Amino acid sequence: MGPTKAIVKENGLYEVAGEKLIKGGFVSRQELEDYVNHHYLALPVRDNAGNPWLLDGKPVYCFRGTQYETVDDQRVHLARCSECGGMGIRSDEFTVESDCIRCTACGHEFDARLEMMET
């Protein structure tokens, strides 16, 4: 059981399941993020431009830095694009030597394992 998955609507923070209001009246994004960081809540992953990651039209959440989950608690193999911060999905092309991932936002292709070893 992880943090409560939340979404932002207007100036309020809502549970994804049931859309119950958690807290409203936030005046800035920073105030909202401070509240989330001090409570057991998670917001959808966002790219560098501030757009949320969506998989099949539903937000994606990140736990422990590299574990991604959908709204219905399904773990998915995704990676953050080093170019734009967008959602990288494993390519359908099968190669033994690499784990090719393509960003859905900018189309950048990368190998997540190689990038982790380089940093």
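Here is a short chat about reading a few features of this predicted model.

User: Which residue lies over the face of Tyr-14?

Analyst: That's Lys-9, at 5.9 Å from the ring centre. You can find another case at Phe-26, where Lys-23 lies over the ring face at 5.6 Å from the centre.

User: Which residues make up the largest nonpolar core?

Analyst: To read a core, look for buried nonpolar residues joined through their side chains. Here the largest one has 8 residues: Ala-6, Leu-13, Phe-26, Leu-32, Tyr-35, Val-36, Leu-41 and Leu-43. Helix α1, residues 29-37, gives the largest share of this core, with 3 residues.

User: Now Gln-67. Is it buried or exposed?

Analyst: A residue counts as buried when its relative accessible area is under 20%. Gln-67 has 15%, so it is buried. You'll find Gln-67 in strand β7, which covers residues 67-70.

User: What does the side chain of Gln-67 make polar contacts with?

Analyst: One partner is the side chain of Arg-64, at 3.4 Å. Another is the side chain of Glu-69, at 3.1 Å.

User: And which residues does Gln-67 contact, leaving aside neighbours within four places in sequence?

Analyst: Those are Tyr-61, Cys-62 and Arg-75.

Note on methods: Residues numbered from 1 in each chain as written. Predicted model: local features only at pLDDT ≥ 70, side-chain atom pairs only at ≥ 80, totals over all residues. Heavy atoms only, no water. Lys NZ or Arg CZ within 6 Å of the ring centre and 35° of its normal. Core = buried A, V, L, I, M, F, W, Y, C linked by side-chain atoms within 4.5 Å. Buried < 20%, exposed > 50% of the residue type's maximum accessible area, 1.4 Å probe, protein only. Helix = DSSP H or I, 4+ residues; strand = E, 2+ residues; numbered from the N terminus. Polar contact = N/O pair within 3.5 Å; in protein donor to acceptor, adjacent residues only side chain to side chain. Contact = heavy atoms within 4.5 Å.
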